[in-house]
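Here are some notes for a first reading of this model. Please keep the structure in view while going through the points.

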Amino acid sequence: MQTRSVGGVSILLPDLDPRDLDAVTEQSNDLQEAYVDGAGWARARLDEVRWQSSRLVGVDLGESVWEGGRVFGCELDRVDLSGAELSGLTVERCALSGCKLTGARLSGVTLKDVLFEGCRFDYAALRLAVATGAVAFVDCVLTNATWTSCRLPNAVLRSCKLMGLELDGCHLRGADLRGNDLAGLKAGLPNLAGVTLAPDQLPDLADLAVTELGVTVESR
């Protein structure tokens, strides 16, 4: 069993043996122990996905549409999901590395033991996402993204770019936001209730409070 510790959470990762994977090139809703390298599946329609114990490398899934299903025990390396629409999908025990989700729209997605590392979520919209287990974002770009009504308790963000990230009606209690520059974050204070911050992030938190409360600060 492979695990990765990020902050105070331990994430179960896929445990794939390349010798057990079969090369696949055709787009499918059902991938089992598959290895997909460089396939062009842009604008694919995927309904009730059943992907398990598979590895995808450099696959183009830009502007694809996903409706329901489950992705379990998979590795996605440099997969392009820019402009994709994912709804009602469950992602469990998966590692996404260097993936591009620029402008993607994720709605009603459930995450459990998921690691996003070096991924781009700029201008992406995450709505009604729920974490039921460990979730971590490491070295990710979240600039100008929006998170709406998301429940991501105990999530960990490390070394992420958050400029322009907008949080609206989110529950992040227990989330660890240390190691990120919070300058430019757009969030009402209730969205940050119960999160963990480092001392050097307190000035940015104060700026958020001043903005939300409409406080005027003047020198004498």
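1. Phe121 has a relative accessible area of 7% and is therefore buried, where buried means under 20% relative accessible area, exposed over 50% and partly exposed in between, with a 1.4 Å probe and protein chains only. This is a predicted model, in which local features need pLDDT of at least 70 and side-chain atom pairs count only at pLDDT 80 or more, while totals for chains, interfaces and linings use all residues. Residues are numbered from 1 along each chain as its sequence is written, and side-chain values use heavy atoms, with hydrogens and water left out.

2. Phe116 and Phe137 form a stacked aromatic pair, with 4.9 Å from centre to centre and 15 degrees between the planes; rings of Phe, Tyr and Trp (its six-membered ring) pair if their centres lie within 6.5 Å, and planes under 30 degrees apart count as stacked, over 60 as edge-to-face and the rest as tilted. Because Phe116 lies in strand β12 (residues 110–117) and Phe137 in strand β15, the pair ties together parts that are 21 residues apart in sequence; strands (E, at least two residues) and helices (H or I, at least four) are DSSP runs numbered from the N terminus. Both Phe116 and Phe137 are buried.

3. Ring pairs join Phe116, Phe121, Phe137 and Trp147 into a cluster.

4. Thr143 sits in the loop between β15 (135–138) and β16 (146–148), and its relative accessibility of 17% is why Thr143 counts as buried. Leaving aside residues up to four places away in sequence, Thr143 touches Phe121, Asp122, Tyr123, Lys161 and Met163, contact meaning heavy atoms within 4.5 Å.
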